[in-house]
Amino acid sequence: MITRNTLIALLLSAVGVAAYAAGADLGQAEKQATNWTAIGMFGVFVIFTLFITKWAAAKTKSTADFYTAGGGITGFQNGLAIAGDYMSAASFLGISAAVMASGFDGLIYSIGFLVGWPVVTFLLAERLRNLGKFTFADVAAFRFSQTPVRVFAASGTLVVVAFYLIAQMVGAGQLIKLLFGLEYWMAVVIVGALMMVYVLFGGMTATTWVQIIKAIMLLCGASFMAFMVMLHFGFSPEAMFAEAVKIKTAIATKGGKPAEEAAKIGFSIMGPGNFVKDPISTISFGMALMFGTAGLPHILMRFFTVPNAKEARKSVLWATTWIGYFYVLTFIIGFGAITYVLTNPSFLDAKGALLGGNNMAAIHLANAVGGNVFLGFISAVAFATILAVVAGLTLSGASAVSHDLYATVIKQGKADSASELRVSKITTVCLGIVAVVLGIAFEKQNIAFMVSLAFAIAASANFPVLLMSVLWKGCTTRGAVIGGFLGLLSSVALTVVSPAVWEATLGNPKGSALFPYTSPALFSMTIGFVGIWLFSVLDGSQRAAVDKAGFLAQQVRSETGIGAAGASGH
Amino acid sequence: METDLATRIAAHPTYQKLKATRSRLGWWLTGAMMLVYYGFIVLVAYFKPLMSTRIGEGVTTWGMPVGLFVIAFTIVITGIYVRRANDEFDRLSAELNKAVLK
C-alpha cells in the first residue's frame, strides 16, 4: 500500500531523473577551479566557427539563404545537424549521470527520446518538404486563411522556443561554473553574444555548420570514451556489468547495508527500478517525447534546408542512426563512470559523492580515460553544444516573427526580401537580449520542467495542427486555430499545476498540486486533437468550404512534390 | 498549382497507387513503432522481475538485449521506410510527373 506522500515523493524523483536527462536542468552547480585547457579548447572552437560564419555570411544574401541555407544542405549533413540539435549538453551529461546513478533506468529514459523519429519520418518529413518553404507555418497554413493560422503557429513556435531557450541559457550558466570554473553570468553573455553573431551574419548556413561540427566532435569524443571503457573490459559487456554491480554492492555495504540487501542494491542497476513508478506519467511523458519531436519548430525548419523529399527522408534516417548510436554510447559511458569514477577518490568528496555533482560523471570519466587534455576537449564540446542548440532555436524564433508575422500577417505577403531579412535580424538581436536577461533572471530558479514542457507544448499544439491540416480533409481554419490554442493553453496550464512547477518551483506545500502527473501530454494532446476535430465539424462558415476545397491540391502536392518550392537560389 | 492540374493528377491511377501504398506503409510502421515502444514501457513497468532476470551465469539481464532491441528496431524501421520511399515512391512520382506534365 503506497501512501499519497510516498507516491508524490516517487513522482518527484521521477521528475528529477526526467529533468536531468531532458537537456535542461543541470541543477545548481558549484563553481570549480578555473580550467584553462578547457577554455583554450573552447576558444579554438569559437575561432573556427567564426571563420565558418564569415564564409557563410558571403553566401547569405536572400531570405532563402537566411532561413534555409539556400536549400543546399545534403541529407547526410542535415542528419548530423538534426542529431546535433537533439544531442544537447544535458542529454550527454544528464543521461550518462542517470545511467551511473541508476543503470537500466537511464536506458529507458533515453529510448523515449529516440522513438519519435520514425513517426516524424513516416507521417511528416517528406510532406513538410513538399509543402513548406521556410517555417512549419507554411505547411500548417497551406490551404487555410493565412492570418489566424500564422498567428497561432508563431505563438506555438515562440512559446516552445522561449522555454527551450531559457533552459539552455540556465544550463550554460551552470555548466560554465562546472567545466571552466567561470562565473554564471559570463556563460549567459558569451552564449548570447556568439549565438547572435552566428545567426545575424551566417544565418542558417552558419547555424547548420556549427551544429554539424559540434555533432561530429561530440560523437567522436563520446565514441573515444566508450571505446576506452570497452577496451578495459576486453569488449565484454558482461565483464563491464559484473564490475559495475560489484562496485555498487561495495558502496552499499560501505553505507552500512547488510550483505544481502547490498547485493540487491548492487544488482538493481541491471533492471528497471524507480523510473516507471506511475504508468500514466510514463505514458504521458512518452507521448510528449514521441510526438513533441514532430512539433519542435527548430527541428521542423531543418527539413526545408534540403533540396527535395528524398534528401529529407535521408536526413531523418541519418539523424535517427546517430542519435541511437549516441544513446548507446552514453549508456556505456554511464557504466564506465561507475567503474572508473566512483572508485577513484580523486573524483569524490569526503562523503563519496561526485565532485561538482552527478552531472560531472562523463567529465570525470573523460579525465580518467584521456587525461587532462581530453577532459578539456570534452568540456569544450559540452559547452559548444549549448551554443549550437541556442543558435538554432533563435533562428527558428526569428523566422516565425519575420516570415509568419511580419511578411505574411502584417504585410499580407507583400514584403520584399530585404525588409523581411531586416526584421529577422532585428528579431534575432531582441531574442538574444531576452535570452540573456531571462537566463540571468532564472539563475536560482528550479527550471527542471522547462524542456519537458517545451516537448509537451510541441506535441499538444504544433503537432496536432500540422498532422490534421496535412492528413484530414475536414480540417478548417477555425478548427485548427481553436484546437491548436486549446492544446497550447492546456499543456501550459496543466504543467503549472503539476508537482514540478506548483510544488518544486512555486514552493507550494507537497501534495497540493492539482494535476498529479509528470507530463500533461496525454491529456493536452487529446484536448488539442478533439478541439481541432470538434471546431472543424461545427464550422459551417464560407471559409470552411474554401478550406476543404483546397485539400485536393494540397494533398497532390504533399504526395508528389509537384509544384514544391525548389532549392531556391541555386 | 492550378486546380485543373491537381484534379488531373488526383484521377491518375499511378497517383492513387502512390497515395494508397505510402499511406498504408506509413500507418503500419507507425503502429509497429508504437507497439514496440509502449510494449517496452509495459514490460519495464509491469514485468520488472522478468526484465531483471539473468540471462545466463553472469549478471546480464533480459532487460539489456530488450532495450538494445528497441534502439535497433527504431533505426531499422526508419531505414525500411526510407529505402522503400526512395526507391518505389520516388519512381512512381517520377512516372506520374512524366505522365501529367508532358
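1. Two residues are in contact here if their C-beta atoms, placed from the backbone, lie within 7 Å. The model is predicted. With that cut-off, T320(A) touches W117(A) and P118(A), and also T74(B), I75(B) and T78(B), leaving aside residues up to four places away in sequence. So the neighbours of T320(A) come from chain A and chain B, given the 7 Å limit.

2. Where does T320(A) sit? Its place is in helix α15 of chain A, residues 309-340. T320(A) counts as buried because it has 29 C-beta neighbours inside 10 Å; the threshold is 20 or more. T121(A) is 199 residues away from T320(A) along the chain, yet their C-alpha atoms are separated by 9.7 Å.

3. Now the contact between the chains. Chain B gives 43 residues and chain A gives 46 residues. On the side of chain B that touches chain A, the elements giving two or more residues are α1 (3-11), α2 (13-46), α3 (48-51) and α4 (63-100) of chain B. The largest share, 17 residues, comes from α4(B). By class, this side of chain B has 23 nonpolar, 16 polar and four charged residues.

4. Next, helix packing. Two packed helices are described by the angle between their axes and the distance between the axes. Helix α9 (residues 146-179) of chain A packs on helix α18 (residues 450-471) of chain A at an angle of about 165°, and the axes are 8 Å apart. An angle over 145 degrees counts as roughly antiparallel, so α9(A) and α18(A) are roughly antiparallel to each other. Their crossing is left-handed.

5. Which residues of α9(A) and α18(A) meet? From α9(A) they include G156(A), V159(A), F163(A) and Y164(A). From α18(A) they include M450(A), L453(A), I457(A) and N462(A). The contact of α9(A) with α18(A) has 13 nonpolar residues, two polar and no charged.

6. Helix α18(A) also packs against helix α19 (residues 477-496) of chain A. The angle is about 165° and the axes are 9 Å apart. α18(A) and α19(A) are therefore roughly antiparallel to each other. Here α18(A) passes α19(A) in a right-handed crossing. Among the residues making the contact are A456(A), S460(A) and P464(A) of α18(A), and G483(A), G484(A) and G487(A) of α19(A). By class, the contact of α18(A) with α19(A) has 10 nonpolar, eight polar and no charged residues.

7. The largest nonpolar core has 231 residues. Which residues have the most contacts inside it? They are V191(A) and L365(A). Helix α16 (residues 361-410) of chain A gives the most to this core, with 30 residues. L365(A) touches M225(A), I333(A), G336(A), A337(A), Y340(A) and V341(A), not counting residues up to four places away in sequence.

8. F235(A) is not a glycine, but its phi is positive, near 60°. F235(A) lies in the loop between α10 (184-232) and α11 (237-254) of chain A. It counts as exposed because it has 11 C-beta neighbours inside 10 Å.

9. Q412(A) is not a glycine either, and has a positive phi of about 50°. Q412(A) lies in the loop between α16 and α17 (417-441) of chain A. Buried or exposed? Q412(A) is exposed, because 10 other C-beta atoms lie within 10 Å and the limit is 12 or fewer.

Technical notes:
Residues are numbered from 1 along each chain as its sequence is written. Chains are lettered from A and ligands numbered from 1 in the order in which they are written. This is a predicted model: local features need pLDDT of at least 70, side-chain atom pairs count only at pLDDT 80 or more; totals for chains, interfaces and linings use all residues. Helices (H or I, at least four residues) and strands (E, at least two) are DSSP runs, numbered from the N terminus. Ala, Val, Leu, Ile, Met, Phe, Trp, Tyr, Cys and Pro count as nonpolar, Asp, Glu, Lys and Arg as charged, and the others, Gly among them, as polar. Axes are lines fitted to C-alpha atoms, for helices over the stretch in contact, and angles run from 0 to 180 degrees between N-to-C directions. Angles under 35 degrees count as roughly parallel, over 145 as roughly antiparallel, 65 to 115 as roughly perpendicular and the rest as oblique. A crossing is left-handed if the near helix is turned anticlockwise from the far one by less than a right angle, and right-handed if clockwise. A nonpolar core is a set of buried Ala, Val, Leu, Ile, Met, Phe, Trp, Tyr and Cys residues joined through C-beta atoms within 7 Å.
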